[in-house]
Amino acid sequence: MNHTARRIGRSLALVLPVVLVLSGTFAVSHVNWSGNPADSVLTASSEDASVPAKPRAAHDVLRDKLLLELQEKDPGEALTSLQRAVDRKPSLARHCVSLARALGKAAVKTYGATRAQSFARPVCDTSFASGVAQFG
């Protein structure tokens, strides 16, 4: 037992200084010694943090809201909300078909094709039903 402990101690005595020297060398090589922020390794992350995120399109925000409503309530409620959103903001009408199809696809995943079809309404020219049929 004493021999094994001595052997492990010798191995550590040889390996540990090498590890410490290498890790110190790598740490020192990443320090910005010039004082110029453009030369820093960390500037990429700090520059990205100062750039504001691009605002999401209204139809993308609405899609997320409707899909959440479909999960929390039911597809009928989500379709009613879609119709109300298009009535309030007519610019969303050009996205209505894709939004209703996305709701149809999500309804099939959640409720199955037969049950999802029972929620169909004439919102956006029956696009919900076509989404159910396409993915069901």
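A residue counts as buried under 20% relative accessible area, as exposed over 50%, and as partly exposed in between. The legends below apply this scale to a predicted model.

**Figure 1**
The side chains of D60 and R63 meet in a salt bridge, with an N to O distance of 3.2 Å. Both residues belong to helix 3, where they are 3 residues apart, about one turn of the helix.

**Figure 1. The salt bridge between D64 and R56.**
D64 forms a salt bridge with R56, and the closest N and O atoms of the pair are 2.4 Å apart. The relative accessible area of D64 is 39%, so this residue is partly exposed. For the model, the count of salt bridges comes to 2.

**Figure 2. Packing of helix 3 against helix 4.**
The axes of helix 3 and helix 4 come within 7 Å and cross at roughly 155°. Helix 3 is therefore roughly antiparallel to helix 4, as angles over 145 degrees are assigned to that class. The crossing of these two helices is right-handed. Helix 3 contributes L62, L66, E69 and L70 to the contact, while helix 4 contributes P75, E77, A78, S81, L82 and A85. Sorted by class, the residues of this contact comprise 7 nonpolar, 1 polar and 2 charged.

S81 is located in helix 4, which spans residues 75-88. Its relative accessibility is 12%, and S81 is therefore counted as buried. When residues up to four places away in sequence are not counted, S81 touches L66 and E69. L66 and E69 are among the residues that helix 3 brings to its contact with helix 4.

**Figure 3. Packing of helix 3 against helix 5.**
Helix 3 (residues 58-72) and helix 5 (residues 96-111) have axes that come within 10 Å and cross at roughly 25°. The two helices are therefore roughly parallel to each other, the limit for this class being an angle under 35 degrees. Their crossing is right-handed. On the side of helix 3, the contact involves H59, L62, R63, L66, L67, L70 and Q71. These meet S98, L99, A102, L103, A106, A107, T110 and Y111 of helix 5. The residues of the contact divide into 10 nonpolar, 4 polar and 1 charged. R63, listed here among the residues of helix 3, is also the partner of D60 in a salt bridge.

**Figure 4. Residues of helix 3 that face two neighbouring elements.**
L62, L66 and L70 of helix 3 take part in the contact with helix 4. L62, L66 and L70 are also listed in the contact with helix 5. E69 is included in the contact of helix 3 with helix 4, and H59 in that of helix 3 with helix 5.

**Figure 5. The chain as the setting for the close-up views.**
The secondary structure comprises 7 helices and 0 strands, and along the sequence it reads α-α-α-α-α-α-α. Of the 136 residues in the chain, 25% are buried. Among contacts between residues at least 6 apart in sequence, 63% join residues at least 24 apart.

Key:
Residues are numbered from 1 along each chain as its sequence is written. This is a predicted model: local features need pLDDT of at least 70, side-chain atom pairs count only at pLDDT 80 or more; totals for chains, interfaces and linings use all residues. Side-chain values use heavy atoms; hydrogens and water are left out. Axes are lines fitted to C-alpha atoms, for helices over the stretch in contact, and angles run from 0 to 180 degrees between N-to-C directions. Helices (H or I, at least four residues) and strands (E, at least two) are DSSP runs, numbered from the N terminus. Angles under 35 degrees count as roughly parallel, over 145 as roughly antiparallel, 65 to 115 as roughly perpendicular and the rest as oblique. A crossing is left-handed if the near helix is turned anticlockwise from the far one by less than a right angle, and right-handed if clockwise. Contact means heavy atoms within 4.5 Å. Ala, Val, Leu, Ile, Met, Phe, Trp, Tyr, Cys and Pro count as nonpolar, Asp, Glu, Lys and Arg as charged, and the others, Gly among them, as polar. Buried means under 20% relative accessible area, exposed over 50%, partly exposed in between (1.4 Å probe, protein chains only). A salt bridge is a side-chain nitrogen of Lys or Arg within 4 Å of a carboxyl oxygen of Asp or Glu.
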